[in-house]
Amino acid sequence: MIVLHVFRKELLDALRDRRSWAVALVIAFLSGPVVFSVMSRLISDDEARVAERKVMVVAPEQSPTLVNFLLRSGAQVEQAPAEYEAALRAGTLLNAVIVPPIDFESRLALGEVPGVEMVFDDSYTRAIPMIETTRRLLSGFNHELGVLRVFARGVSPQVLEAIEVQNRNLAPAQANGARLLFVIPWVALTIAVFGAYSVAIDTTAGERERGSLEPLLMTPVATRALAAGKWAVVVVYSMAIVALTLMGFLLSMRFISSETFAAQMRLQWREILIFCWVLVPFTAMTSAVNMLAATFGRNFKEAQTYVTYIALAVQSTAVAPVVMSTRDALWQLLVPALAQTAVMMKALRGEPLSPSDMFLPAVTCTAITLLCLGMQARLLRRETIIFGK
Amino acid sequence: MIEVESLAKSFQIGRGANRQTVIAVHDVSFRAEDGCITALLGPNGAGKTTTLRVLSTLVHADRGRVAVGGIDVEAQPEAARASMGTLSDSRGLYGRLTGRENVTYYARLRGMPVALADERLRDLSALLDMASLLDRPTAGFSSGEQMKIALARALIHDPKHIILDEPTNGLDVMSTRALRRLLLALRDRGKCILFSTHIMQEVEALCDRIVVMAQGRSIAEGTAAELREQSGRDTLEDAFVALAMNAATPPRNAGDCA
């Protein structure tokens, strides 16, 4: 009953803080459309570039055999700009540039092996598909010429093929397009940890700063009831913002311009429900952790610093799978943020979820939540917290 | 009744090599009877606020015993807090809530039925002349207005023991008079009232008994007349100065509450 009174008061107080409420609402509702439109635009642009099969050649008139092959292969051949190296470094030019030597044609005619330079900057990850296209075209040219030469000598072209490579990609059907998808769980987790930070701070360090903690602790209410009531409000507030973010994601899916992106990712009601299932215990945990950290803050600003560290920890943990390549390891499911990212990515890729995926992350989050709430209840009876200036 | 026996409390301040122990209360003993207004009178740094914080269970004593209505505050802090209404020197309000919401929140935390809380707030509002404050958000209240809401919050549950830390700070003359009337009325209803102050007129106008504190010790206890007599001075102010100057003198007890 006391928990309910604390909850009601804190909720009323939080809802009347219209400015932070409005900011959180706008961020939550816009993050989906913004993330989706940026991702979709990037993928669409890349698709368009790859589909164009545009190839940049330095002095194409000096290598007509190569240009002829490229045109027959459906590529558009363009003269590379004079300052192509600078343009590649600046990222204004993404396509690889083919640089044949001046005596390319004559050496080719003599049956020599002229070196052909392929210049690119693959530090721009968006350039990689275009670089691969150019590489494939060059290797196609090389192969065709080789086949013709051995054929002219009366040798079967099969001697050039010691093995026949057959590609069999085991990645799930939707996995290829899902490489960029970590952004979606990442945004969801960021909103979960950051969405209600102002409420988490206001109910803890805010009480210290405005001098209302001391009178509150002079009531006969147990500190665990105070901690639970305040925490419940932070969770409700965070979840509301997370739910709005997810709705924004769902709505944005309808306006995606990249068909590849839309086809390679599942984000329908089923996935949204899985996201909610994963994010409720996570939000409960981040709310408790944020409140515990903020309790050490003597004022709003100090608490804000502590909460920012937690958000940074969550954000960097959530991108770890992209760097670590440790997909589907069981231990991942026990690490908060990592677990949620893994499960949400699986859902987005349309992979089946095991009971461990569904329950292990929740168990860890619940344990950490209870631990933090217990610690906070104890902390509220510590003299240095009540009177520490 | 509030009983304090041989109370001592020290704090650690600073960190590492700069860590120091500050003794806030050396040895404080006194008794505040029911139906009496007892003042803790002392200069700044005398240990009044620390003594009241130990009473309110927020600070743990290093030594000594404190009991409120026979309840040991160390052994049963929640029961002790339930029997007290405390106005500390932290009087923060929730700025986005109205005066009424601030006070009724505390009534709910103390388990009061809504109707009883409303009735009690009506009475306090009339006594403290704060009807115009009840339905406004408290952000932007003057310190006097804040004090009235904080006082109503401390008294909403009609506590048997009332502890006030410098309650007239920030109040104008009219509000101070209203507060005095309220405290006298509460005393006549048998409440045990203990408050700290360094304002002599307030003590003379209100208090039945005075505990003089200096340098963390209770150095004298009695009525205003008894303290004047003990110190051989004509006014309470002179008596207080003389007693405070002679702080090493052990406490001398005088007669019971008039």
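**Reading the predicted model: chains A and B**

Mentor: Chain A has 17 helices and 4 strands. This is a predicted model, where local features need pLDDT of at least 70 and side-chain atom pairs count only at pLDDT 80 or more, while totals for chains, interfaces and linings use all residues. Residues are numbered from 1 along each chain as its sequence is written.

Trainee: What makes a run in chain A count as one of the helices or strands?

Mentor: Helices are DSSP runs of H or I with at least four residues, and strands are runs of E with at least two, numbered from the N terminus. By that rule chain A comes to 17 helices and 4 strands.

Trainee: What share of chain A is called buried, and what makes a residue buried?

Mentor: Buried means under 20% relative accessible area, exposed over 50%, and partly exposed in between, with a 1.4 Å probe and protein chains only. Of the 389 residues in chain A, 48% are buried.

Trainee: How do you know which domains chain A has?

Mentor: The bounds come from an automatic or database domain assignment. That gives domain 1 (2–41 + 174–387) and domain 2 (53–158) in chain A. Over C-alpha atoms, the centres of domain 1 and domain 2 of chain A are 50 Å apart.

Trainee: Where in chain B does pLDDT stay under 50?

Mentor: Over residues 250–258 of chain B. pLDDT is the predictor's confidence in each residue, from 0 to 100. For that stretch of chain B the model has 21 contacts (heavy atoms within 4.5 Å) beyond four places in sequence. Chain B averages a pLDDT of 87, and 95% of its residues score at least 70.

Definitions and conventions: Chains lettered and ligands numbered in written order. Heavy atoms only, no water.
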